[in-house]
Amino acid sequence: MFSRRTILAGATASLTLSPLFAQTLPPQGFATPAGTSPFTPDVFRERRRRVMEVLKDGVAVVYGADAVESSSAVAPPFVQDGDFAWLTGIVDEPGAILVMAPAERTIREWLLLPSRDVEAERWEVERLPLGTALERRTGFSRVSRTSSLGGLVTSLAERSKRLHFLGPIVSASAPVPQVLDLYGKVMQRVPGVSLSDDSGLLPSLRIVKEPRELDLMRRAMTATAQGHLAAMKQARPGMTEKQLKAILEDAFRAGGGDGLAYDSIVATGRNAASLHYTGGNGVIGPNDLILIDAAASVSGYACDVTRTFPASGTFSADQRASYELVLAAQAAAVAKLKAGVYYEDLVEAAKDVFRKAGRVDDFTHGLGHLVGLDVHDTGDMSKPLPAGAVITVEPGLYVQSANYGIRIEDIYLITPTGSQRLSEAVPRTVAEVEAAMAR
């Protein structure tokens with residue numbers, strides 16, 4: 001998947017929560033925070049310890065995502081900030097804030113939550129009061145309200161004289177990140193405080209996936225494969241894109257997915273040549289190629305797969321030639337994929353295939369991105385890629401005048417000597433796709 005907004009939707013009411021998530025829920029009723037997800041509090045406590053071990057001193061603040069504002073009666077699903085979720089496991093509490101102070105003598109980490117509004121809770125969801133139950137669920141020995149943030153950070157900065165910026169880096173035209181706004185106010189009030197740029201720290205830790213993270217991604221991939229297979233088998237000329245999308249996403253849920261890694265793209269014919277296509281009313285024609293870029297998530301962990309296949313069940317000669325060119329470009333990039341490779345070298349390997357065929361101008365987006373807790377996961381792709389990272393390789397050709405777009409996207413776990421295709425259960429070659437679609 002190329003650049004677009006990530007959606008990590010929560011489980012529907014008809015789904016059974018995964019055991020990793022269910023173990024953190026309260027025994028009766030539901031109140032937020034429900035606990036840490038998808039792992040137990042000790043996992044996230046150890047991650048914070050690793051971060052503070054690198055920082056050594058000073059103060060670091062990480063903001064969680066705010067609630068999504070909506071003019072409708074039902075707000076869209078809340079999606080937690082990836083860095084905050086990775087550090088805390090608190091995925092169901094908008095407006096939360098993490099404060100870390102590695103050099104403090106006793107308390108070195110605080111979880112700050114918005115104040116309760118009992119009247120609002122009657123309409124939305126109950127929230128836990130401060131106390132031992134909340135501390136036990138979250139794994140923090142100090143939980144207080146966000147109203148105390150300014151005083152807390154000021155007093156910590158007065159002692160440590162250093163503030164650590166963990167990100168995010170945003171463009172000059174974007175709003176100033178909340179944390180930098182906070183730090184600016186603290187530095188205006190506490191003489192001698194310095195600001196340290198540590199924005200590369202969390203990406204360097206998150207890029208290498210833990211075995212428990214890979215397990216969830218493989219489970220998401222199993223559900224994703226089931227969805228793509230169902231779509232290939234049930235696609236018919238005359239069906240709308242929206243009808244095929246429903247088949248796809250129903251199979252994701254049946255396969256164990258508890259959310260969508262992002263908004264599913266189902267595009268037929270000319271629509272597939274629009275990279276950010278969001279329609280759904282297109283009718284599948286008998287000679288169309290159908291492009292599906294869609295994936296399930298499990299406990300917030302994503303995967304990312306795109307397949308292109310003929311509505312008729314059999315590629316025409318021209319369709320096959322273009323499809324196999326895209327497949328060759330993907331193979332050329334994957335042949336170079338191993339720990340220590342530069343992403344730009346993968347891009348050039350794929351483009352060389354298109355250049356030799358005189359088709360490089362029809363490849364109009366990036367070759368891939370990292371995948372994990374976010375579908376466009378964090379990590380510095382200007383540096384050599386490490387073993388344990390998961391990346392997509394997704395070359396494509398897009399020709400509106402010929403009414404088609406072809407993209408083949410798989411996810412790969414990088415190993416010391418090569419890579420492992422995690423999406424191998426989804427038919428990919430011409431023979432595999434046509435066999436899967438055999439009526």
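In this predicted model, L111 stands opposite V143 in strand β6.

**The pairings of β4**

Strand β4 covers residues 109-113. Strand β3 (residues 97-100) is joined to β4 by four bridges, and the two run antiparallel. With β6 (residues 143-145), β4 pairs in the parallel sense over three bridges. A further facing pair here is L112 with S144 in β6.

**How enclosed is β4?**

Five of the five residues of β4 are buried, so the strand is largely enclosed by the rest of the structure. In a regular strand, side chains alternate between the two faces of the sheet. Here both faces of β4 are covered: E109, L111 and L113 are buried on one side, and W110 and L112 are buried on the other.

**The sheet and its helices**

Stepping back, β4 belongs to an open sheet of six strands, ordered β6-β4-β3-β2-β7-β8, with mixed pairing. Its edge strands are β6 and β8 (194-197), each pairing on one side only. From one strand to the next, the twist averages 25°.

Two helices lie across strands of this structure, as the table shows.

| Helix | Lies across | Angle |
|---|---|---|
| α2 (residues 41-55) | β2 (59-63), β3, β4 and β7 (162-165) | about 45° to β3 |
| α7 (residues 178-189) | β2, β7 and β8 | about 145° to β2 |

So which helix lies across β4? Helix α2 does, along with β2, β3 and β7.

Definitions and conventions: Residues are numbered from 1 along each chain as its sequence is written. This is a predicted model: local features need pLDDT of at least 70, side-chain atom pairs count only at pLDDT 80 or more; totals for chains, interfaces and linings use all residues. Side-chain values use heavy atoms; hydrogens and water are left out. Buried means under 20% relative accessible area, exposed over 50%, partly exposed in between (1.4 Å probe, protein chains only). Two strands pair if DSSP finds at least two bridges between them. Axes are lines fitted to C-alpha atoms, for helices over the stretch in contact, and angles run from 0 to 180 degrees between N-to-C directions. Contact means heavy atoms within 4.5 Å.
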